Amino acid sequence: MAITPTQFAKKTAQSANWTEAKRRVLSSYREWLRGAPEVQTMYNMPMPISVIRNRMRQEFERNRFVSKLSAVDVLLFKSHAEYQEMMNFWKQTTHLHVWILAGPQLKEHTRANASPAVADQSIHETQKNKKHKL
């Protein structure tokens, strides 16, 4: 399928009230979730679609408590620009891997690549947590 750069283009709009802003946020969120299978295919991601969708949800949840309407509009604009870049295949696969790892897995990924002392401490904490769960 050929993708034209303007295929995902939208006009920048300002929300008149919180109801409209909520509608636009939900629309953007659905757009991202529907695009997850295509992202996995296009970028040949070696992970399930659920992991990609979970990371997308985390990004929306991170900005859940924004209280200024103008800030929500800016976040929507940035979200759509990011979506357009991703769906037009303007990103590199490594960019997406870093973005997905920037979620909760980043802490574990960083610990695994850290110095041996930090890695040993991480292993000790993991074992201690497992004992407490039993």
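S15 sits in the segment before α1, where helices are DSSP runs of H or I with at least four residues, numbered from the N terminus. The model is predicted: local features need pLDDT of at least 70, side-chain atom pairs count only at pLDDT 80 or more, and totals for chains, interfaces and linings use all residues. Residues are numbered from 1 along each chain as its sequence is written, and side-chain values use heavy atoms, without hydrogens or water.

S15 counts as buried because its relative accessible area is 9%; buried means under 20%, exposed over 50%, and partly exposed in between (1.4 Å probe, protein chains only). Its side chain makes a polar contact of 2.7 Å with the side chain of R24. Another, also given as 2.7 Å, joins the side chains of S15 and D73. A polar contact is a pair of N or O atoms within 3.5 Å; within protein, one must be able to donate a hydrogen and the other to accept it, and residues adjacent in sequence count only if both atoms are side-chain atoms.

Now the rings. Rings of Phe, Tyr and Trp (its six-membered ring) pair if their centres lie within 6.5 Å; planes under 30 degrees apart are stacked, over 60 edge-to-face, the rest tilted. That rule gives 4 aromatic pairs. One of them is W32 with Y83, edge-to-face, at 5.4 Å centre to centre and 70° between the planes. This pair links distant parts of the chain: W32 lies in helix α1 (residues 18-42) and Y83 in helix α3 (residues 69-87), 51 residues apart. W32 is buried, at 6% relative accessibility. Y83 is buried too, with a relative accessible area of 6%. W32, Y83 and W99 form one aromatic cluster.

Note on methods
Helix = DSSP H or I, 4+ residues; strand = E, 2+ residues; numbered from the N terminus.
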